[in-house]
Structures are given as C-alpha cells and as structure tokens.
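This report describes a single protein model for a reader who has the sequence and coordinates at hand. Please consult the display below before reading on.

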Amino acid sequence: MKLIERTPYLNKMISVIGTPDIKVITGIRRSGKSKLLEAFKSHIERNIPDSNIIHINFNLPRYEELLAYRPLYDYISSLYVPNKRNFVLIDEVQMCEGFEKAINGLHAEEKYDIYITGSNAFLLSSDLATLFTGRTFEIHVFPFSFAEYKEYFSYTDNYSAFDKYITEGGMSGSYLYNDREAKYDYIAGVFDTLIVRDIRTKYKIRNTQLMDRLVDYLSDNIGNLTSARNISQAICQSGEKTNHVTVGLYMQYLCNAFAFYKIRRYDIKGKKYLSGNDKYYLSDHSFRYAKLGTKNMDYGRTLENIVAVELLRRGYEVYVGMLYKKEIDFVAIKRDEKIYIQVSDNIESEETFDREVSPLLQIRDAYPKLVIARTRHEEYQYDGVKIIDISDWLSS
C-alpha cells in the first residue's frame, strides 16, 4: 500500500520526545495509527543515533508470549540499554491482559520514552487518567483529510479531486479497491468490526439489533439536532422496545470509540452552552454510504460532516451556534480564536444564498464569518462574510 507522511501527527509526536508523559495514539480503527508509529520509529532511527528502540506489535504472532503484563514488563526490561535513549513503542497494547500494570511500572522507573496505540473501546480518552498513574499525552489520529487524499493520489485540481473525495472518503485502506462496491464493502467491514469486536465486547452488549438500529439512525441523521429521548421514541414506534437511558448509553459508547462525534449547542448571544438536543457526525463520511447505500447521497449533510471533522482535526472546539432561534452550522473556538461557519452544497440560487448568509450577518462581533460551499470559483466577500469553495478551504 502506498504511504504518505502524515506530517502534522508526526510533528506532534516529535515535539514531545523526551517528555515524561505516556504518549497515547488514539483514533478510529484503520485510521493509520500503526503506520504513524512505524513512521515515528523511522524518524528516531534517522535522527537519534544513541537510541534504543523496543518495538512490539501485538498484531504479529511473534509477540504472543507477551500477552500478559508480567512477561511484557520483563521482556522490555531485558532489552533496556544503559547510557542510551530507550524508546518503548507498543501497538495494540490492549491485547495484553493487564497492560496498564506494565506501562505504569515502566513509567515509574523513569528510564523509557513510552508510546502506545490501542483499540478505541479499550483505551478511551476518558479512561487514560484512571488507567495510567502518570501523565498522558494524547495524539488523536483521524482518517485521511482532503489534503492527504490529494497527496495520496497526486491530484492537483481541487474541484475534480473533491468530487471523488466526497464519495470515497478518508479510509485509506479502501483506496486499494478499484470497484466502488468493493470499496464500500471494505468500509462497512471496518465499521462493523469496530462495533462487533470492540464496543460489544467492551460493554457486553446483548441487544445487538438495537445497536444496529441506532447506528443506522445516527448515520441517516447527521447534521440534525437529536437526543436519546427522540431516538428511543422513533425506535419504539417501529415496534422495538427500548428507553432513552439505554439509547443514551449506546450513543456514548459510539462516541467513546470515535465512530461518531457529538457537537453541542452554543448560545451566541448569551455566550453559554445549551443542554438538550445535540448533533452527531460520523468520523468519516464514507461510513454513511457504506452502511446506508448511495441512493440518496444528500451532499449537503455530507459536506457538513466533512467540515465538522476537519475543524476537529485542526484542533478546534466545535459547537452548533444558536442566535435568535436561528442556527449557525458551526462555531469553532481555539483559545482566543473564534469562527462562525455556514455550510451548503449549492448557493447559486438567491434564496439559498440569503438563507445561509443572513444568520451570519446578525452576529455583531468581529470574529470571521464563512460560508463554505461548492462554489467552484475563488473566494470573495459579501458584507464582510467570506464565501469560499469547500475544496479550497479544506486545502488551506
């Protein structure tokens, strides 16, 4: 498989070399965590001549004898080299029973620079502080961005490349398949493996049919305000018994494993966060087509999903904006920076253009305001609102 250097993630890992933190690489399955760890290993070999690298990949049978914490700890200890910089790189660490005991023990000795990857359901962001007694530094890996997609296929024209990316998505393993159906079979398989192997195993879920129904509902309603209560009512109307508590738990499990991202609402005028209905976006938009089919592509929702994930990828806190009962698709916040964003597939008609721009014009502060759409021409301004093509914005 062709490889590209995922520079932002690699640079983030390089920037924390030598810090005492346990570095944890998270992200949805098949998003490239293992390849990133290998690229980091190559960087160490090239640039740190006094390094000693202890690399364990639990996907490989040769490490089967290390699937308990004590043999893992003893093996790493036996490979320690004094007077060298000792790096410990472990892939799929959750496969080792009691792995946290080994990692905590190694960390306590203050002799190793530790980097680990693991299955999302078993290495949750919310559990890191509980699992590990030392400080952790999380590097969150997403599926391929549009910029990475272009680099992979050596595309130079943004517009034609985006027409392909919107249907193929960022799961790079699917790029090996030429047939579209084969691509979607692969993508659906990745998602189903995530659900079956990780979430169901971790939480001992018995009602697999409810989980499947919930996944289909959330995938079909990306970009819509929703709640566990509304979903449970919709499922009950179709003849299946459940309640909002169970549905809410299952939704949380899906978000914990990065299958979906929950986006909360933000009151722009009152400058406060709102409880109740939220929006859910898939970690990669291709999952929607792979699970539900392509009869109704609904490009508007897909574009919204792409922008939401890109904002998260760029390190923003992302919210749905509310102003005078009107909705702003996204309020993106990073430290002192704030951006208001509307997303649309097509703004050629005057009615659609006004609908997208008017809520932004009602915002009285001086933060940037964007309409991101498939305009297929260079960006321009309208009363201080920047209108930009989505492929150009994704490439910037």
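The sections below treat the basis of the model, its strands, its helices and its salt bridges.

## Basis of the description

The model is predicted; local features need pLDDT of at least 70 and side-chain atom pairs count only at pLDDT 80 or more, whereas totals for chains, interfaces and linings use all residues. Residues are numbered from 1 along each chain as its sequence is written, and side-chain values use heavy atoms, with hydrogens and water left out.

Helices (H or I, at least four residues) and strands (E, at least two) are DSSP runs numbered from the N terminus. Buried denotes a relative accessible area under 20%, exposed over 50%, and partly exposed the range in between, with a 1.4 Å probe and protein chains only.

Two strands are taken to pair if DSSP finds at least two bridges between them.

Strand S13 (residues 385-389) pairs with S12 in the antiparallel sense over three bridges, and Tyr382 stands opposite Val385 in S13. The hairpin of S12 and S13 has two residues between the strands, and Asp383 there takes a positive phi near 50°. Strand S11 (residues 369-373) runs parallel to S13 and is joined to it by four bridges; in this pairing Ala373 stands opposite Asp389. Four of the five residues of S13 are buried, so this strand is largely enclosed by the rest of the structure.

## Strands S2 and S3

Strand S2 (residues 51-57) pairs with S3 in the parallel sense over seven bridges. Ser51 stands opposite Arg85 in S3. Because six of its seven residues are buried, S3 is largely enclosed by the rest of the structure.

## Helix H4 and its surroundings

The buried residues in helix H4 (residues 99-108) are Phe99, Ala102, Ile103, Asn104, Leu106 and His107. Their cover includes S1, helix H3 (69-78), strand S3 (85-91), S4 and helix H5 (128-131). After H4 comes Glu110, whose phi is positive, near 55°.

## Packing of H8 against H11

Two packed helices are described by the angle between their axes and the distance between the axes. Helix H8 (residues 180-203) and helix H11 (residues 244-256) pack at an angle of about 125°, and their axes are 11 Å apart. H8 is therefore oblique to H11. The axes are lines fitted to C-alpha atoms, for helices over the stretch in contact, and angles run from 0 to 180 degrees between N-to-C directions. Angles under 35 degrees count as roughly parallel, over 145 as roughly antiparallel, 65 to 115 as roughly perpendicular, and the rest as oblique.

From H8, Ile195, Ile199 and Tyr203 make the contact, and from H11, Tyr253, Leu254 and Asn256; contact means heavy atoms within 4.5 Å. Elsewhere, Asn47 is in helix H2 (residues 33-47) and is partly exposed at 45% relative accessibility. The C-alpha atoms of Asn47 and Ile195 are separated by 39 Å, the two residues being 148 residues apart along the chain.

## Salt bridges

The structure holds 22 salt bridges, each defined as a side-chain nitrogen of Lys or Arg within 4 Å of a carboxyl oxygen of Asp or Glu. One of them joins Asp113 to Lys23, with the closest N and O atoms 2.4 Å apart. Asp113 lies in strand S4 (residues 112-117) and Lys23 in strand S1 (residues 22-27), so this pair ties together parts that are 90 residues apart in sequence. Asp113 is buried at 7% relative accessibility, and Lys23 is buried at 0%.

Arg288 and Asp220 also form a salt bridge, at 3.5 Å from N to O. This pair links distant parts of the chain, with Arg288 in helix H12 (residues 286-292) and Asp220 in helix H9 (residues 208-220), 68 residues apart. Arg288 is buried, with a relative accessible area of 4%, whereas Asp220 is partly exposed at 39%. In the salt bridge of Lys386 and Glu379 the N to O distance is 3.7 Å; Lys386 is partly exposed at 27%, and Glu379 is partly exposed at 43%. A network of salt bridges links Asp163, Asp345, Arg374 and Arg376.
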